[in-house]
Amino acid sequence: MKFISTRGKDFAQCSANAIAKGLASDGGLFVPEKFPKISSAELNDMLNMEYFERACCVLHKYLEEYDYEQLLSACKSAYSKFEECDPAPVVRTDDNTFIMELFHGPTLAFKDVALTLLPYLMRKGCDISGIKEDILILAATSGDTGKAALEGFKNADGIKVMVFYPSDGVSDMQKMQMCTQDGNNVNVVAVKGNFDDCQTAVKTIFSDVKFNAQLKEKGVVLSSANSMNFGRLAPQIAYYFSAYCDLVNSDEIKMGEKINFVVPTGNFGNILAGYYAKNMGLPINKLVCASNDNNVLTEFFASGTYDANREFFKTVSPSMDIIISSNLERLIFELSGRDASVTEKRMLELKKFGKYSITDEEVKMLSKDFYADYADEDECLQTIGEYFDENGYVLDTHTAVALKVKNSYQEIFGDKTATVVLSTASPYKFAHDVLTAIDGNAPEDAFKCANKINEITAAPIPEQIIELKNKKIRFNNVIDKNKTADSVLEFINK
Ligand SMILES: *Cc1c(COP(=O)(O)O)cnc(C)c1O
């Protein structure tokens with residue numbers, strides 16, 4: 001399947017090529033030429049499959065150039081790294097809430113679902129598209145992508161990984177996870193700034209023609225592990241299908257009945273995957289976009305104006321502390337009737353003026369598929385405390401934002417549709433704030449917080465957290481945001 005750029009001036013011959021390249025050279029994002037469909041017969045077949053088989057079934061609709069059997073075995077091996085080989089179990093946590101727990105992988109966040117598979121997709125993608133150079137993966141991270149990418153790609157042949165995170169913008173556990181990373185091909189750098197600064201720096205490096213030529217002379221080409229890469233997005237589409245199948249199998253819904261998903265959102269990658277699932281034919285009613293105090297998306301869905309000229313808030317859900325949601329570009333592209341010039345114009349306005357608007361008609365169209373709202377800091381922490389008291393279930397700070405927004409959505413609209421909340425991280429990654437929410441206060445030390453959460457709630461501490469305590473810090477470099485390109489060269493030349 002051919003992939004086109006949202007800005008119309010680049011394309012990729014096939015999915016393999018789109019994944020290997022990561023970003024389009026015109027600054028846009030690769031999107032499939034059209035949405036492949038999953039028929040109701042295929043959805044029925046999926047009911048009896050294990051997760052990795054469901055995933056392969058969905059993925060191969062886009063990744064036609066990948067051999068089916070090979071892709072299947074890559075999915076099997078990637079998802080064997082999750083508890084019980086299931087990256088997306090759905091649990092009922094109260095009378096009208098289902099939670100899809102996406103955090104049972106190697107790094108305890110939903111990013112693992114894609115990043116355990118991406119190394120295969122990328123290596124194969126290079127083979128298929130004849131790329132002979134070494135690949136350098138650059139990732140900007142709000143905390144979870146970085147660790148998941150490092151873990152997914154560590155010691156991979158012919159691939160190096162470099163991660164940029166905001167120096168004061170991640171939790172203690174997230175920071176320790178990244179800075180203790182093992183592997184002979186990895187590098188981790190803190191940037192003085194926020195996530196948007198990191199993401200902008202990486203995007204700038206990608207579109208710097210001279211810099212890329214310089215790398216190529218050294219036998220290196222860049223690729224991306226952020227959700228701007230279609231290879232990150234595609235595996236995320238699969239769990240929407242899987243959750244649906246699970247609800248049918250447990251008689252919670254009838255086949256064909258529509259359901260809602262509520263997604264704690266930052267860069268708009270996760271929820272966009274749900275929109276792709278809907279476009280492929282999955283019966284979805286509403287996709288609910290939940291934000292924290294950085295509620296630029298809430299405002300956008302309500303008013304049609306995306307305005308990034310606003311104060312940046314550091315919150316207890318740092319993985320959602322984002323003001324420029326990159327993947328929204330893919331939605332804008334669809335909304336405009338796949339008009340690349342309109343999309344490009346809006347994205348250039350965003351770059352130049354920090355804002356753009358869509359038409360009233362487009363706002364109306366959006367409201368058919370989406371609803372957006374946000375939860376502030378107090379509401380988030382209060383939700384964690386109350387939910388544990390009432391239901392004995394421990395939410396992480398990101399999932400709590402989504403749960404709060406789900407409750408207000410259901411109250412406002414009286415919508416009785418079965419609703420699945422995507423849980424994106426283990427509460428132990430955000431131990432300090434989760435403990436504060438449950439117990440009123442918390443010690444400084446993140447491991448002490450973890451032990452205390454375990455004492456109070458009996459939720460088991462993941463092995464990955466326990467091991468972290470004894471790992472050595474390997475990376476402690478902090479740089480100015482205008483030094484990112486230099487640090488890339490330094491890493492390459494090492
Ligand atoms: C990345 C992340 C998000 C936001 O997901 P997007 O795809 O960027 O919208 C939410 N919660 C957690 C825990 C994350 O790591």
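Does Ile-461 count as buried or exposed, and at what relative accessibility? At 18% relative accessibility, Ile-461 counts as buried, where buried means under 20% relative accessible area, exposed over 50%, and partly exposed in between, with a 1.4 Å probe and protein chains only.

1. Basis of the note. This is a predicted model, in which local features need pLDDT of at least 70 and side-chain atom pairs count only at pLDDT 80 or more, while totals for chains, interfaces and linings use all residues. Residues are numbered from 1 along each chain as its sequence is written, and side-chain values use heavy atoms, with hydrogens and water left out.

2. Overall form. The chain comes to 22 helices and 16 strands, these being DSSP runs numbered from the N terminus, with helices (H or I) of at least four residues and strands (E) of at least two. For 494 residues a compact globule would have a radius of gyration near 23 Å, and the 21 Å of the chain agrees with this; the radius is taken over C-alpha atoms, and the globule rule is 2.2 Å times the number of residues to the power 0.38. The C-alpha trace spans about 60 × 50 × 50 Å along its principal axes.

3. Of the 494 residues, 62% count as buried. Among contacts with a separation of 6 or more, 74% come from residues 24 or more positions apart, a contact meaning heavy atoms within 4.5 Å. The accessible surface is about 19,000 Å², and carbon and sulfur atoms hold 47% of that; the areas come from the Shrake-Rupley method with a 1.4 Å probe, and for residues only the protein chains shown count as cover.

4. Charge. The chain carries 53 positive and 70 negative side chains, and the centres of the two sets lie 6 Å apart. Lys and Arg count as positive and Asp and Glu as negative, with His and the chain ends not counted, and the place of a charge is taken as NZ of Lys, CZ of Arg, CG of Asp or CD of Glu.

5. Aromatic pairs. The structure holds 22 aromatic pairs, for which rings of Phe, Tyr and Trp (its six-membered ring) must have centres within 6.5 Å; planes under 30 degrees apart count as stacked, over 60 as edge-to-face and the rest as tilted. The rings of Phe-300 and Phe-301 have centres 5.5 Å apart and planes at 70°, so this pair is edge-to-face. Phe-300 is buried at 0% relative accessibility, and Phe-301 is buried with a relative accessible area of 10%. The rings of Tyr-371 and Phe-413, with centres 5.1 Å apart and planes at 80°, are also edge-to-face. This pair links distant parts of the chain, as Tyr-371 lies in strand β14 (residues 370-374) and Phe-413 in helix α18 (residues 397-413), 42 residues apart. Tyr-371 is buried at 17%, whereas Phe-413 is partly exposed at 48%.

6. Ring pairs join Phe-268, Tyr-275, Phe-300, Phe-301, Tyr-306, Tyr-356 and Phe-370 into a cluster. In helix α13 (residues 296-303), the buried residues include Val-296, Leu-297, Thr-298, Phe-300 and Phe-301. Their cover includes β11 (284-291), β12 (305-307), α14 (328-335), β13 (355-357), α16 (360-369) and β14. After α13 comes Gly-304, with a positive phi near 85°.

7. Two loop residues with positive phi. Most residues other than glycine have a negative phi. Glu-84, although not a glycine, has a positive phi of about 55°; it sits in the loop between α4 (68-79) and β4 (90-94) and is exposed at 77% relative accessibility. Asp-251, likewise not a glycine, has a positive phi of about 60°; its place is the loop between α11 (230-249) and β10 (259-264), and it is exposed at 69%.

8. Ile-461 lies in the loop between α20 (446-457) and α21 (463-468). Not counting residues up to four places away in sequence, Ile-461 touches Tyr-428, Ala-450, Asn-451, Asn-454 and Ile-466. Its C-alpha atom is 9.4 Å from that of Ser-426, which is 35 residues away along the chain. Phe-52, in helix α3 (residues 51-62), is buried at 13% relative accessibility. Leaving aside neighbours within four places in sequence, Phe-52 is in contact with Leu-72, Cys-75, Lys-76 and Tyr-79.
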